[in-house]
Amino acid sequence: MRGRRLLWVAATGAAVLAALTWVDLRPKVESDFFFSPDDPQLRTTQEIEQRFPGAQQIIVRAASPDPSSDAYLAALADLSSALQAVPGVTRLNSVTTERVGRSPLWTRLLLTPAEDATNVILTTETADPEAMVAALEGVLTTHERPDFALQMSGVPVIVELIRSSLFRDLRVFSVAALVVFGLLTAVIYRRAAVVWGTLLASGLACSLTLLIDQGVGLSIGLLTANIVTIVFVLTLSHVVFLTANARRWGAQRAIHLTFPASFWAMATTLLGFLSLTIASARPLRDLGMAGAIGTVVSILCAYLLFPAFLPERAESDEAPTPTTPDHDPRRWEPVGATPPPAPTLPHPPASSKRGLAVVAALFVSVAFIGLGIGRVDTDPVLLSYFKPGTELREGLEAVDQDGGSSTLEIVVRDRSGGRLDEDESIARLWAFQDSLESMAEVGVVVSAPVLIGHARLQPLAGFLSTRQLADILESPAQGRIGRAFLSSDRQETRFLARMHEAERTQTRADIIEGIRVKAAQVGLQPVLVGGVYELQGQLGRLIASSLRLGLGGLLLLFIGIGLVVSRSGRVTGVMFACLLSIPLVVLGTFGHLRIPIDMITSPAANVALALGVDSMIHLVLRARALGDWNEARRQMTQPVLAATLIIAAGFGLFGLSTFPPTARFGLAVMLGTTTAATMALLVLPTVGRHRLAGALIPVRSGDPPQP
């Protein structure tokens with residue numbers, strides 16, 4: 001036994017070292033907000049970028065009590081020089097580099113409605129946005145003073161902030177989970193061997209999952225940053241039930257007793273993750289594949305490594321009491337050459353009004369909580385990714401209030417098919433510009449008419465036609481800025497709008513539809529709509545669809561597994577009602593409390609459902625074996641509560657994260673697993689005892705070992 005343990009210690013150490021050496025643990029976050037370049041949702045945005053090439057922009061907001069003072073302008077000039085020198089910054093515009101005056105362009109981009117700040121616009125192009133954003137943050141830290149407050153926003157900045165938050169959570173919560181799980185295991189079981197075995201099995205499972213993910217091309221990303229904690233919990237789920245049974249019957253019998261339930265629990269979890277692989281968004285597919293790998297690895301590690309650390313003999317003082325001299329329903333091997341007949345299930349006692357009242361109260365509570373599903377927000381504002389009250393969130397809110405924080409691109413053409421560099425068509429474009437800027441959800445809008453209006457203020461420009469001004473805007477001297485807003489044939493033009501997020505009350509899809517209507521009202525035809533704002537709207541629809549189809553499909557699949565496990569349609573019906581309560585409680589709670597469900601939070605319901613069904617499977621199989629719901633519940637209460645406590649504590653750590661989506665993910669899993677344990681221990685035995693005692697088909701002594 002000692003040699004086996006040392007062998008597993010060495011194997012786990014080697015796997016952990018290999019994972020730390022070869023696996024890149026830095027999360028990868030796509031610049032197009034959670035979509036990979038090959039996702040179909042990106043086609044429209046990519047087409048716009050091809051037709052109207054342009055670089056990304058970062059906005060630096062410089063606030064002061066008196067932005068017109070010489071001291072402010074001097075500080076802004078020094079800041080501009082330092083920012084211009086950062087690698088990746090190709091162009092800089094500020095009130096110290098441009099003549100603002102009456103320019104329709106610079107008054108929109110560089111001035112703010114609050115008049116207590118001005119903007120510095122950075123045009124960027126780099127293959128290493130992480131290094132560029134870090135360098136920009138260093139410049140801001142150096143130049144910031146109490147009377148010169150600096151805040152930065154823009155897609156590269158927001159993406160980098162999300163990436164760094166995920167990396168911090170990966171490091172902090174992986175270590176914290178290791179400590180918390182180890183302490184809880186020590187408190188619950190009070191055996192050093194069990195604690196070491198738990199940590200080694202979980203550590204080996206996590207390391208192997210990371211190595212396999214790396215081998216098949218799965219990198220740490222938006223959702224897979226939590227895979228270490230998830231696999232840790234999946235392994236612990238098997239370990240808890242193995243340990244409880246080993247203390248009662250010894251290691252070898254515990255393995256035969258627990259494995260059938262663990263196998264079906266693994267199957268449900270595997271289905272839960274595989275249901276994510278059909279999602280349209282790449283991060284969901286990656287989590288589904290990584291979770292599926294982790295699910296299989298976790299059960300292998302639990303049953304190959306952990307038994308070496310289990311007690312070989314039973315520790316429980318209770319002795320099983322056979323119901324007949326020749327048959328003991330707690331034993332899993334045949335007694336004698338001829339298997340005795342199956343035991344007769346005891347007749348259920350008279351209905352307990354108290355027990356049924358508790359069940360009724362639970363279902364009423366679940367139904368009430370479930371009403372909140374209608375209020376679930378799957379299209380949250382961009383600012384919800386950052387914690388309220390923090391300096392970062394306040395800076396983003398200030399930029400959002402000034403001119404918007406999320407970009408929307410609208411490509412239009414003249415309904416009559418005419419060129420867009422004529423005076424008549426420019427008038428229609430100005431009408432659309434004014435219509436956009438009149439919308440509360442729209443901030444700053446830059447377009448061809450704004451650029452041409454700016455060009456008209458230049459010396460001698462009054463002698464040039466609109467078409468000639470458009471030609472000048474496409475010249476190298478003007479940075480070919482015209483190409484970013486007018487097509488080469490002048491048949492199409494692009495409007496670039498920065499959208500307000502903080503006060504949004506409608507869905508992005510409804511707002512975009514309203515913009516399409518406004519374009520048609522002035523004689524323009526919308527051709528393409530894209531950008532980060534539109535992508536987030538698509539993401540919201542994908543999340544809602546994933547919740548409906550993914551959870552619905554899982555529940556249907558679990559019906560089949562319930563039939564296999566219970567061999568009873570009536571028991572399966574009760575299991576289905578208990579399982580249905582998990583998404584009802586999770587999503588309903590989020591709806592009632594108006595907690596947004598973003599891309600990172602959305603898989604939590606699937607994970608909670610897959611983890612929550614474990615306790616029900618173990619309980620039903622034990623009830624089948626014993627033919628007694630009360631005894632099954634008595635034997636399973638401790639491991640079910642231990643598993644729930646460990647899972648809740650592990651994911652509860654996420655609540656301490658400074659990254660709100662991670663905290664929301666942890667809360668959702670906690671709600672789901674707690675609901676599952678409550679339903680398993682209170683509803684299944686109560687209803688089974690009073691209504692379904694005859695529905696269970698007991699395990700005969702000659703049947704394959706099952707709990």
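Modeller: Accessible areas come from the Shrake-Rupley method with a 1.4 Å probe, and for residues only the protein chains shown count as cover. By that method the protein exposes about 28700 Å², of which carbon and sulfur atoms supply 60%. This is a predicted model, in which local features need pLDDT of at least 70, side-chain atom pairs count only at pLDDT 80 or more, and totals for chains, interfaces and linings use all residues. Residues are numbered from 1 along each chain as its sequence is written, and side-chain values use heavy atoms, with hydrogens and water left out.

Colleague: Why does Thr-268 count as buried?

Modeller: Buried means under 20% relative accessible area, exposed over 50%, and partly exposed in between (1.4 Å probe, protein chains only). Thr-268 has a relative accessibility of 1%, and therefore counts as buried. Of the 707 residues of the protein, 57% fall in the buried class.

Colleague: What is Thr-268 in contact with, leaving aside its neighbours within four places in sequence?

Modeller: Contact means heavy atoms within 4.5 Å. On that criterion, Thr-268 is in contact with Phe-558, Ile-561, Ala-610, Val-613, Asp-614 and Ile-617. Thr-268 itself belongs to helix H9 (residues 251–274); helices (H or I, at least four residues) and strands (E, at least two) are DSSP runs, numbered from the N terminus.

Colleague: What makes S2 and strand S3 a pair?

Modeller: Two strands pair if DSSP finds at least two bridges between them. S2 and S3 (residues 117–124) have four bridges, in the antiparallel sense; Arg-91, for instance, has Thr-123 in S3 as its bridge partner.

Colleague: Which order do the strands of the open sheet take, and why do S2 and S4 stand at the edges?

Modeller: The four strands run S2-S3-S1-S4, with antiparallel pairing. Strands S2 (89–93) and S4 (149–153) each have a single partner strand, so one side of each is left without a neighbour in the sheet.

Colleague: What qualifies as the second largest pocket, and how much space lies in it?

Modeller: A pocket, on a 1 Å grid over the protein atoms alone, is an open set of points where a 1.4 Å probe fits, with protein on both sides within 12 Å along at least five of seven lines; lining residues have an atom within 4 Å of a point. Grid points are joined across faces, edges and corners, and a volume is the space filled by probe spheres set on the points. The second largest pocket holds about 510 Å³. Its lining has 19 residues, with Val-16, Leu-178, Cys-206, Ser-207 and Val-228 nearest the centre.
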